[in-house]
Amino acid sequence: MSVDSAVQAPVAAAAEPVDTRTASLRAVYIIWYRDLLRYWRDRWRLAASLAQPLLFLIVFGSGLSSALGRGAVFGARGGFSYIQFMYPGIIGMAILFTAIFGAMSIVWDREFGFLKEVLVAPIDRWAVAVGKALGGTTQAMIQGLILLILAPFVGVKLSALTILELIPLAAVLAFGLSSFGVMLASMMRSLQGFQVVMNFLMMPMFFLSGALFPLQGLPGWMTVLTRIDPASYGIDPLRRVVLSGSGRPAAVIDQFALTIGGHVVPITLEVGIMLAFGLVMLGYAVAMFERRD
Amino acid sequence: MTEAVIEARGLVKRYGDLQAVRGIDLEVNAGEIFGFLGPNGAGKSTTISMLCTLLQPTAGTARVAGIDVVRDPARVRQRIGLVFQDPSLDDQLTGRENLDFHAFIYNVPAGQRARRIDKMLALMELTERAGSLVRTYSGGMKRRLEIARGMLHQPQVLFLDEPTLGLDPQTRRSIWTHLNELRSRTDITIFMTTHYMDEAEYCDRIAIIDRGQIVALGSPDQLKALVGGDVVSMTTPEADAAAEEIQRLLKITPIRDDGTLRMEVRDGRKFVPRLVRELTVPVDTISLRRPSLDDVFLKLTGHAIRDEEASGTERMRAMASRWRRR
């Protein structure tokens with residue numbers, strides 16, 4: 001009977017009753033905190049992760065800007081230059097890569113043993129998945145929002161209001177993709193699967209997300225794939241908010257927006273889709289973690 | 001009467017057809033250092049994992065700190081400290097940060113956290129390096145940090161799975177000095193597995209496990225008393241012939257271990273001259289000593305504890321740490 005075992009237990013242990021629910025909430029916090037601590041500490045990674053977006057913007061963006069400047073979509077005639085179009089997409093790219101890599105550090109933790117320390121603690125396992133997803137979310141958000149300082153260099157005007165609007169949008173995208181990353185990590189037992197995820201999931205997700213080209217007027221098969229890509233619903237709102245700061249008519253901005261069946265998808269719906277995606281992925285990850293191994 | 005802190009009854013673990021642990025019964029008393037000794041693959045880690053609630057037993061029951069490990073694993077985990085066979089530190093955090101993480105996740109009251117961490121750091125002689133990244137620690141320091149971490153939430157039992165595996169002899173001795181120090185300063189009960197015979201000598205009591213079963217249990221002296229008298233070992237190029245002669249002329253059955261023949265005799269000093277006189281086969285060496293736990297193991301199981309698999313694990317670990325350094 002559990003009563004007599006409680007009586008037998010010495011005083012020191014009785015003073016710290018095991019309440020796994022509060023313990024799990026504390027665990028979510030400390031797992032999140034550890035991720036941020038490691039993120040801050042790794043300055044090289046921070047610097048390196050800014051190099052890639054810069055390379056895309058400066059080389060790729062400038063190159064295509066001048067090539068496409070004479071075309072019908074991008075250019076001086078009331079529209080936006082390619083580099084302005086691409087800029088929010090690159091913010092999305094930074095969020096996409098950081099979120100998935102950040103969350104998938106669970107696989108590293110498993111490989112190097114630290115995950116064991118967490119999994120044997122008297123906490124519920126959902127806390128590990130949630131803590132990691134939130135850790136990835138925060139890192140990705142910071143990584144994306146840091147790029148806002150580049151706005152003047154690409155000729156984009158950002159008001160304080162625009163920035164305030166961008167923060168939750170970046171957070172939602174980061175959350176959806178981090179949860180996706182945790183879900184992937186919960187299924188992986190070794191680092192071997194990492195390259196596969198990178199080549200067969202992250203790169204296609206990036207290319208189909210509308211970060212690099214508008215998602216209108218594409219071939220049929222590609223239209224379908226781009227609408228299946230969850231990242232599309234996170235990057236599109238970022239772009240619409242960033243470009244709306246320029247004061248151009250909505251019709252100009254809508255020519256780049258995500259459409260389904262010819263209709264522009266409202267931002268609130270996109271946010272809803274992204275959140276739902278994140279929650280489903282996280283739910284799945286929690287279920288995977290709670291299976292005892 | 002002392003109360004049993006760990007109590008196992010008929011513990012069994014089966015993986016398909018393989019029976020890793022075949023019915024283990026044991027009781028560990030408060031304040032004891034209890035050693036689980038056996039070769040790799042004997043079922044030591046499986047047993048310790050079941051006691052720590054990391055594995056579900058196929059059959060049998062176990063209570064740790066008075067709590068059933070199957071029915072209430074969370075409460076068991078709050079009351080035990082764990083040091084795993086493989087390292088489980090975050091080497092990109094400092095020693096102190098690793099301890100902080102643990103204290104937080106194990107719900108150590110905020111007011112006591114810093115004090116307990118300082119105390120354990122001092123006890124494990126890590127105070128000076130507490131602010132360095134664990135990446136820069138030596139193997140022995142990492143182990144000590146893990147022991148300190150396992151003690152932070154004031155467990156009643158500290159479980160150590162092969163705590164000295166892969167460490168050099170000097171570091172292994174230092175880990176033992178620290179464990180003894182820990183025991184004398186707290187009222188912790190220590191349960192550990194090892195396949196190093198010399199380490200088992202430090203334990204108050206030992207269970208010798210082979211092929212999933214306990215073959216002997218007692219203090220090192222009690223176990224050594226199972227081997228009567230002295231141990232004489234002889235190496236010879238003609239082991240078969242020598243064994244036959246010893247059997248025939250001296251009425252003793254030697255135990256074969258490759259080219260070595262071991263004999264247990266009442267008075268070794270008188271036996272050796274007789275042996276030399278009677279034998280006709282060539283003899284390379286003869287040695288005489290008091291029985292060790294190796295002899296006990298050999299006598300009880302008919303085979304010696306071998307290190308081959310352990311060295312494999314150690315190689316893997318060396319590779320992993322090289323990889324980690326990048």
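A:Gly63 is exposed, because 12 other C-beta atoms lie within 10 Å and a residue counts as exposed at 12 or fewer. The model described here is predicted. A:Gly63 belongs to helix H4 of chain A, which covers residues 43–68. A:Gly261 lies 198 residues away from A:Gly63 in sequence. In space, the two glycines are 32 Å apart, C-alpha to C-alpha.

Two helix pairs of chain A were examined. In one, helix H9 (residues 160–187) packs with helix H14 (residues 267–290). The angle is about 25°, and the axes are 8 Å apart. H9(A) is therefore roughly parallel to H14(A), since angles under 35 degrees count as such. Their crossing is left-handed. On the H9(A) side, the contact includes A:Val172, A:Leu173, A:Phe175, A:Gly176 and A:Phe180. From H14(A) come, among them, A:Val271, A:Met274, A:Leu275, A:Gly278 and A:Tyr284. The contact of H9(A) with H14(A) holds 17 nonpolar residues, 4 polar and no charged.

The other pair is helix H5 (residues 82–103) and helix H8 (residues 126–146) of chain A. Here the angle is about 150°, with the axes 8 Å apart. H5(A) is therefore roughly antiparallel to H8(A), since the angle required is over 145 degrees. The two helices pass in a right-handed crossing. H5(A) contributes A:Ile91, A:Ala94, A:Ile95, A:Thr98, A:Ala99, A:Gly102 and A:Ala103. Residues of H8(A) in the contact include A:Lys132, A:Ala133, A:Gly135, A:Gly136 and A:Gln139. The contact of H5(A) with H8(A) divides into 7 nonpolar, 8 polar and 1 charged.

Chain A also meets chain B. In this contact, 27 residues of chain A touch 27 residues of chain B. Four helices of chain A each supply at least two residues to the side that touches chain B: H1 (2–8), H2 (11–14), H3 (20–41) and H7 (114–119). H3(A) gives the most, with 9 residues. The side of chain A that touches chain B is made up of 15 nonpolar, 5 polar and 7 charged residues.

In chain B, helix H11 spans residues 293–301. Its buried residues are B:Leu293, B:Asp295, B:Val296, B:Phe297 and B:Leu298. B:Gly302 follows H11(B). The phi of B:Gly302 is positive, near 80°.

Methods:
Residues are numbered from 1 along each chain as its sequence is written. Chains are lettered from A and ligands numbered from 1 in the order in which they are written. This is a predicted model: local features need pLDDT of at least 70, side-chain atom pairs count only at pLDDT 80 or more; totals for chains, interfaces and linings use all residues. Two residues are in contact if their C-beta atoms, placed from the backbone, lie within 7 Å. Ala, Val, Leu, Ile, Met, Phe, Trp, Tyr, Cys and Pro count as nonpolar, Asp, Glu, Lys and Arg as charged, and the others, Gly among them, as polar. A residue is buried if 20 or more other C-beta atoms lie within 10 Å of its own, exposed if 12 or fewer, and partly exposed in between; C-beta atoms are placed from the backbone. Axes are lines fitted to C-alpha atoms, for helices over the stretch in contact, and angles run from 0 to 180 degrees between N-to-C directions. Angles under 35 degrees count as roughly parallel, over 145 as roughly antiparallel, 65 to 115 as roughly perpendicular and the rest as oblique. A crossing is left-handed if the near helix is turned anticlockwise from the far one by less than a right angle, and right-handed if clockwise.
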